[in-house]
Amino acid sequence: MLTEFRNEPFVDFSAAANRTLMAKAIETVQSQLGKHYPLVIGGRRVDTKDRIKSLNPAQPDEIVGTVGKADVALADQAIAEAEKAFATWKKFEPAARARILWRAAAALRRRKFEFSAWLVFEAGKSWAEADADTAEAIDFLDFYGREAVRWGADQPATRYPGEDNHVFYVPLGVGVAIPPWNFPLAIMAGMTTAAAVAGNTVVLKPASVTPVIAAKFVELLEEAGMPPGVVNFVPGSGGAIGDHIVQHPRTRFITFTGSKEVGLRIWELAAKPAPGQIWLKRVVAEMGGKDAILVDETADLDGAAEAIVNSAFGYQGQKCSACSRAIVVKSVYKDVLDRVVERAKKITVGPPRDPANWMGPVIDEASFRKINEYVEVGRKEGKVVLGGEKWNAAGYFIPPVIVADVKPTARIHCEEIFGPVLAFLEARDFEHGLEIANATEFGLTGALWSRDRARLERARQEFHVGNLYFNRKCTGALVDVHPFGGFNMSGTDSKAGGRDYLGLFLQMKSVSEKL
Ligand code: NAP
């Protein structure tokens, strides 16, 4: 019998046995760096002359691996193979599809240290952040498998005299999955397998800076019994093949997670039917954030400071849910700022293979440059009270940056930076703070720290974000505990890890027979 879904527990790295397992996994992965992973199209390995190099952001002269690089012709082949596979895959019982995900979840659970070690090398994650990414991937597999069974059942319909009525869900067809690099295992795996377990077939184009972990995951799916052509591994530059696969007339849906700019482009391109296209494409777009933690004068200030630091600087601020704005009411502004600076000063920064380092590098040179440019903008728009010095060693490291006395109109308050840069804003009072928190085009996560019940209830209604937290950090959403996704320019209002999610990859069919 199917057990109830449970979230995968996080590894306790304070236990010596777990530290030893992780250190061993890091050594094993180190010995496997530099390998090559071709494309996988219709179950066949397809190699290309052009290759994408994945580099360790903590040590950019270290090659994590290389993957094949698809051109438009190979992308077309992948779509054709996915379409071929769809003809049989859609007829699998939902439980049979789900079993493949559960087998993959079990395998990932057995190999969790190894997968986490790949994340340390390829994405610059600390041990704890890498483990959380792997645990979330396991959760998605376990949860979406269960959801496929639930959505696969006959749906209720009102009885009508003289007719036998039957309502059920059917899959859409061939989809394109375009994940980001920041949860290169969990989000990539979740987007891909949610679509697949619903009966669709997928062309997976991983983010170009983190393709190796995706290649490893596709191998794992094959080992778990995923039939050829259901998930096709098609790395390639977003610029070169992205538009093509989005616009392809046989693409039925696009599931995307990434920046607002790319999401809007996909939304627009997908809206225009290509010659020969016979459907309206569905787009699931999960995009950026500019997330705020609001602290009022009744709050537990120590707790708030701790939550701000964790949310702003965990994984170097490269989470769509990261706190990039601390909005604090005037009477406690200085106090909270001092507490946050004190804590952030103690953060250890360096290569994440060493568990003593709480923060690792940002993902690549382009991000490193962009974030440092924002620090310069911050100097003009406020007062840099922590960080901002140049890092002179190898690796794309940026220690925590805090910019105080920022105005709501400032660029660093409005634009997503996606790095460890935190803007501090003073609000006159709670009302004003809530107004500032909502003064953004995004609406992904937010938190309120307050002991005032009336304010908490007001925020419940008026703090306009998809994921709102009270008296805790604004990161760390768990599958089916905090279904995740934002409002406004944060996306299409989808909720990854929620019970609506599979419906995005299905369409309802009603069959009525006259008796
Ligand atoms: P990105 O630059 O938008 O890239 C995301 C994906 O889109 C990558 O696979 C990228 O491929 C691809 N891409 C680029 N241009 C494309 C095009 N013209 N057509 C089709 N695909 C294209 O975002 P990112 O830097 O990877 O990720 C960070 C962003 O993701 C942040 O804005 C963050 O807030 C957001 N995010 C949102 C959520 C959420 O749940 N709402 C979760 C995580 C991250 P290449 O790598 O080859 O360029």
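Where is alanine 477 found? I located alanine 477 in the loop between E18 and strand E19 (506–514). I note that helices (H or I, at least four residues) and strands (E, at least two) are DSSP runs, numbered from the N terminus.

**Basis of the entries**

I am working with a predicted model, in which local features need pLDDT of at least 70 and side-chain atom pairs count only at pLDDT 80 or more, while totals for chains, interfaces and linings use all residues. Residues are numbered from 1 along each chain as its sequence is written, and side-chain values use heavy atoms, with hydrogens and water left out.

**Alanine 477**

I looked up the contacts of alanine 477, where contact means heavy atoms within 4.5 Å. Leaving aside neighbours within four places in sequence, alanine 477 is in contact with Glu136, Tyr469, His482 and Phe484. I also checked alanine 477 against threonine 409: the two are 68 residues apart in sequence and 29 Å apart in space, C-alpha to C-alpha.

**The open sheet**

I traced an open sheet of 7 strands, with mixed pairing, in the order E14-E15-E16-E13-E12-E17-E18. Strand E14 (383–386) and strand E18 (467–470) stand at the edges with a single partner strand each, so one side of each has no neighbour in the sheet. From one strand to the next, the twist averages 20°. Two strands are taken to pair if DSSP finds at least two bridges between them.

Within it, alanine 292 stands opposite glycine 446 in E17.

Next I recorded the helices on these strands. Helix H10 (residues 301–313) lies across E12, strand E13 (323–329), strand E15 (401–404), strand E16 (421–427) and E17, and runs at about 170° to E12. H15 also packs on the sheet, where it touches E17 and E18, and its direction makes about 175° with that of E18. For these angles, axes are lines fitted to C-alpha atoms, for helices over the stretch in contact, and angles run from 0 to 180 degrees between N-to-C directions.

I found 35 salt bridges in the structure, each being a side-chain nitrogen of Lys or Arg within 4 Å of a carboxyl oxygen of Asp or Glu. Side chains of opposite charge can pair when their charged atoms come close.

In helix H15 (residues 453–462), I compared glutamate 457 with arginine 453, which lie 4 residues apart, about one turn of the helix. They form a salt bridge whose closest N and O atoms are 2.8 Å apart. Glutamate 457 forms a salt bridge with arginine 460 too, with the closest N and O atoms 2.8 Å apart. Arginine 460 and glutamate 457 are 3 residues apart in helix H15, which means a separation of about one helical turn. Glutamate 457 is partly exposed at 30% relative accessible area, and arginine 460 is partly exposed at 45%. Here buried means under 20% relative accessible area, exposed over 50%, and partly exposed in between (1.4 Å probe, protein chains only).

In helix H12 (residues 365–381), arginine 379 and glutamate 376 lie 3 residues apart, about one turn of the helix. Their salt bridge has its closest N and O atoms 3.1 Å apart. Arginine 379 is partly exposed at 38%, as is glutamate 376 at 33%.

Serine 367 lies in helix H12 as well, but it is buried, with a relative accessible area of 15%. Not counting residues up to four places away in sequence, serine 367 touches Trp181 and Val362.

I also noted a network of salt bridges linking Glu8, Arg109, Lys112, Asp142 and Arg146.

**Nonpolar cores**

Which residues touch the most other members of the largest nonpolar core? Of its 76 residues, I identified Tyr144 and Met226. Helix H5 (residues 127–152) gives the most to this core, with 10 residues. Apart from it lies another core, of 40 residues, among them Val309, Ala312, Val329 and Phe484. A nonpolar core is a set of buried Ala, Val, Leu, Ile, Met, Phe, Trp, Tyr and Cys residues joined through side-chain atoms within 4.5 Å.
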